[in-house]
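Please examine the sequence and the three-dimensional structure shown below.

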Amino acid sequence: MARVVLITSDRPMGGCVSRPRMQAVMSPEISILLPVHNGARFLDVQLCSLLQQSTRDLEVLAHDDGSTDSSRAILAKRAAEDDRLIVT
């Protein structure tokens, strides 16, 4: 059974190191739900931290709830770099 993690923090998490794009996993072991609303201030740092976890078998499902800041652009940029990030 897959584990689901809900991230709601608006504080930065970890640093970011660029990694090559990975092929999407059909059925990841871990699904992380990331609700986003005007969270551009910390969003890139959070995404970097989430996508650098030691397990590769995960997906991050980010849902932008009508942000008026640059959150949507950050999500689009990061999703283009890493197939494990799915933006709705």
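**From one residue to the whole chain**

Leaving aside its neighbours within four places in sequence, L85 is in contact with L47, V60, A62, L75, R78 and A79, where contact means heavy atoms within 4.5 Å. This is a predicted model, in which local features need pLDDT of at least 70 and side-chain atom pairs count only at pLDDT 80 or more, while totals for chains, interfaces and linings use all residues. Residues are numbered from 1 along each chain as its sequence is written, and side-chain values use heavy atoms, with hydrogens and water left out.

L85 has its place in strand 4. With a relative accessibility of 4%, L85 counts as buried; buried means under 20% relative accessible area, exposed over 50%, and partly exposed in between, with a 1.4 Å probe and protein chains only. L85 and L51 are 34 residues apart along the chain, and their C-alpha atoms are separated by 8.1 Å.

The chain as a whole may now be considered. Its secondary structure comes to two helices and four strands. Helices (H or I, at least four residues) and strands (E, at least two) are DSSP runs, numbered from the N terminus. From the N terminus on, the elements run in the order β-β-α-β-α-β. Among contacts between residues at least 6 apart in sequence, 85% join residues at least 24 apart. Of the 88 residues in the chain, 34% are buried. The chain exposes about 5400 Å², and carbon and sulfur atoms supply 57% of this area. Accessible areas come from the Shrake-Rupley method with a 1.4 Å probe, and for residues only the protein chains shown count as cover.

What forms the largest nonpolar core? This core has 16 residues, and those with the most contacts inside it are L34, L43, L47 and V60. A nonpolar core is a set of buried Ala, Val, Leu, Ile, Met, Phe, Trp, Tyr and Cys residues joined through side-chain atoms within 4.5 Å. Strand 2, helix 1, strand 3 and helix 2 are the elements that give two or more residues to this core. The largest share of this core, five residues, comes from helix 1. In soluble globular proteins, nonpolar side chains tend to be buried together.

Helix 1 comprises residues 40-51, 12 residues in total, and reaches 17 Å from its first C-alpha to its last, close to the 16 Å expected at 1.5 Å a residue. The expected span of a helix is 1.5 Å times one less than its number of residues. Helix 1 is largely enclosed by the rest of the structure, because nine of its 12 residues are buried. The buried residues are A40, F42, L43, Q46, L47, C48, S49, L50 and L51. Their cover includes strand 2 (30-36), strand 3, helix 2 and strand 4 (85-87).

In helix 2, the residues S71, I74, L75, R78 and A79 are buried. They cover an arc of only 130° around the axis, which puts them on the same side of helix 2; the arc is that of the directions from the helix axis to the C-beta atoms. On the other side of helix 2, K77 and A80 are exposed. The buried residues of helix 2 pack against strand 2, helix 1, strand 3 and strand 4.

S71 belongs to helix 2 and is buried, with a relative accessible area of 0%. A polar atom of the S71 side chain lies 3.0 Å from the backbone nitrogen of G39. Leaving aside its neighbours within four places in sequence, S71 is in contact with V36, N38, G39, A40, L43 and D64.

Two loops remain. S67 lies in the loop between strand 3 (58-64) and helix 2 (71-81), and S67 counts as buried at 14% relative accessibility. The side chain of S67 makes a polar contact with the side chain of D64 (2.5 Å). A polar contact is a pair of N or O atoms within 3.5 Å; within protein, one must be able to donate a hydrogen and the other to accept it, and residues adjacent in sequence count only if both atoms are side-chain atoms. The S67 side chain also reaches the backbone nitrogen of N38 at 2.7 Å. N38 has its place in the loop between strand 2 and helix 1, and counts as partly exposed at 35% relative accessibility. The phi of N38 is near 50°, a positive value in a residue other than glycine. Most residues other than glycine have a negative phi.
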